[in-house]
Amino acid sequence: MPGDLAVGIHDLSIATTRYVLTHETLAARNGTDIAKYHEGIGQRSMSVPAVDEDIVTMAAAAAAPIIDRHGAEGIRTLFFATESSVDQSKAAGVHVQALLGLPSAVRVVELKQACYAGTAALQSAVGLIHRDPAQRVLVIAADVSKYELDSPGEATQGAAAVAMLVSADPALVRLENPSGVFTADVMDFWRPNYRTTALVEGRDSISAYLRAVEGAWTDYTEQGGRKVNDFDAFCYHQPFTKMARKAHRHLLAFCGYDADDSEISRALRHTTAYNTLVGNSYTVSMYLGLASLLDNAGELSDKAIAFFSYGSGSVAEFFGGTVVPGYRAHLRSGAHRDAISRRVPIDYARYREIHEYEFPDDGGDYPVPIENDGPYRLTGLFGHKRVYETRPARSRNG
Ligand code: CAA
């Protein structure tokens, strides 16, 4: 295997939903002090999918600009990571392959391990490219985070997709060896097959996350990884942005540093700008943090970025990457900001209606109204089959 081959993220594109619910709206409904949401968990608003949006439409919307820019040549694998799968059998990525018009000579598979699966997809892509550097892998993560109405988790919902083209000689981020990995069998957050909303042991899940920081970091250093001070910024999995602060403080303390708030803010600040507005996007969350960092920080060429990916249950991974000089010419910052800012605010009643909506399971035909203005939409459920359509190219965000 060519040890000095640079492999990493060549292009990165995000998408989110048509609608947004602000935390002010939620707080006004449930009587919560808004400071708890804004300061206590670090969230301002959450993306809410329209009834004709789901992980497939968001995933296709995120990936289309990548195919428009680079073509499909050399893409022989599409990995689709998600917690909020739409089918127990068929990979959501197969719908995306069709919507994007990708060739049939492609392997498509769906990966699951709560919020961690996007990283499993990314690392598997790196392995495939080491085997054949001429190939490129399309890694897509998409999720709708859904908790019960009026539960503590409700304020941490959200939805988004990220598409990454992984290749040799990448234009954005070179991914590094080693990785530190960690698995512990815990029930901190889970979703039995018969449920549409997640179950969670809230405070325990925070402790499980922090134990995973220790475990993955310990393995990372044992594998010969960088020192904690080598990194210029830290992208953490962000179920809510305050979690990244807790995690970074915990990591620094574990490494023997008594970090002050300003040092933690410096390491994290650009990584949380999108997540505070989008909410938890599960498998997407850490990569939304990366998009936010690349789009909003000053010059990062040759800087080392740390990644901590956590999926409840639990599996975690700590790894590093280096930003490639000239990366700024390849960013999609305008489209990313637009995807977030053009969401339409909805009131609590509409949010609740969407939250409670479920397709009947009797095999009938259930078309859904046109709501989203993106390039792809779910037209409905017909005889147990989800049907998608591509809309005019005008809506693709380039
Ligand atoms: N002003 C300012 N801050 C306030 C406040 C106020 N008026 N009222 C409360 N706060 C602070 C609290 O002090 C607390 O901060 P600290 O944790 O720093 O002490 C914070 O706001 C939250 O308050 P509570 O703990 O009382 O809130 P809660 O009981 O409503 O639950 C939660 C919070 C457990 C995170 C809940 O939102 C939840 O269950 N979320 C889903 C689970 C989750 O995200 N877990 C994270 C780790 S698991 C993971 O990462 C995987 C994944 O994606 C799910």
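Q: In which sense do strand β2 and strand β3 pair?
A: In this predicted model, strand β2 covers residues 19-22 and strand β3 covers residues 45-48. Thr-22 has Ser-45 in β3 as its bridge partner. The two strands are joined over 4 bridges, and the sense of their pairing is antiparallel.

Q: Which residue in β14 stands opposite Tyr-19?
A: β2 also pairs with strand β14, residues 344-345. This pairing runs over 2 bridges in the parallel sense. Opposite Tyr-19, the residue in β14 is Val-344.

Q: Why is one side of β3 and of β14 left without a neighbour in the sheet?
A: The open sheet has 3 strands with mixed pairing, in the order β3-β2-β14. One side of each of β3 and β14 has no neighbour in the sheet because both stand at the edges, each with a single partner strand.

Q: Which residue in the turn between β16 and β17 has a positive phi?
A: Strand β16 (residues 376-382) and strand β17 (residues 385-390) run antiparallel and are joined by 6 bridges. One of the bridge partners is Arg-386 in β17, which is paired with Leu-381. The two strands form a hairpin with 2 residues between them, and the turn residue with a positive phi, about 55°, is Gly-383.

Q: Which element gives the most to the lining of the second largest pocket?
A: The second largest pocket holds about 760 Å³ of space. Its lining has 37 residues, and those closest to its centre are Pro-152, Gly-153, Thr-156, Gly-202 and Phe-240. At least two lining residues come from each of α1 (23-30), α2 (34-41), β10 (199-200), α6 (202-222) and α7 (241-254). With 5 residues, the element that gives the most is α6.

Q: How many residues of the lining of the second largest pocket are charged?
A: The lining of this pocket includes 18 nonpolar residues. A further 11 are polar, and the number of charged residues is 8.

Q: What percentage of the area that the ligand exposes when taken alone does the protein bury?
A: There are 24 residues around the ligand, and Lys-36, Arg-203, Ser-205, His-237 and Lys-246 come nearest. A polar side-chain atom of Lys-246 lies 2.5 Å from a ligand oxygen atom, while one of Asp-33 lies 3.0 Å from a ligand nitrogen atom. An N or O atom in the side chain of Asn-280 is 2.9 Å from an oxygen atom of the ligand. Taken alone the ligand exposes 1100 Å², and the share of this that the protein buries is 74%.

Q: How many residues of the lining of the second largest cavity are charged?
A: Residues that line the second largest cavity include Cys-115, Thr-119, His-237, Tyr-282 and Ser-309. The lining divides into 5 nonpolar and 5 polar residues, and the number of charged residues is none.

Technical notes. Residues numbered from 1 in each chain as written. Predicted model: local features only at pLDDT ≥ 70, side-chain atom pairs only at ≥ 80, totals over all residues. Heavy atoms only, no water. Pairing = 2+ DSSP bridges. 1 Å grid on protein atoms, 1.4 Å probe; cavity = no way out; pocket = protein on both sides within 12 Å on 5 of 7 lines; lining within 4 Å. Points joined across faces, edges and corners; volume = space filled by probe spheres on them. Nonpolar A, V, L, I, M, F, W, Y, C, P; charged D, E, K, R; others polar. Near = heavy atom within 4 Å. Polar contact = N/O pair within 3.5 Å; in protein donor to acceptor, adjacent residues only side chain to side chain. Areas by Shrake-Rupley, 256 points an atom, 1.4 Å probe, with all protein chains shown as cover.
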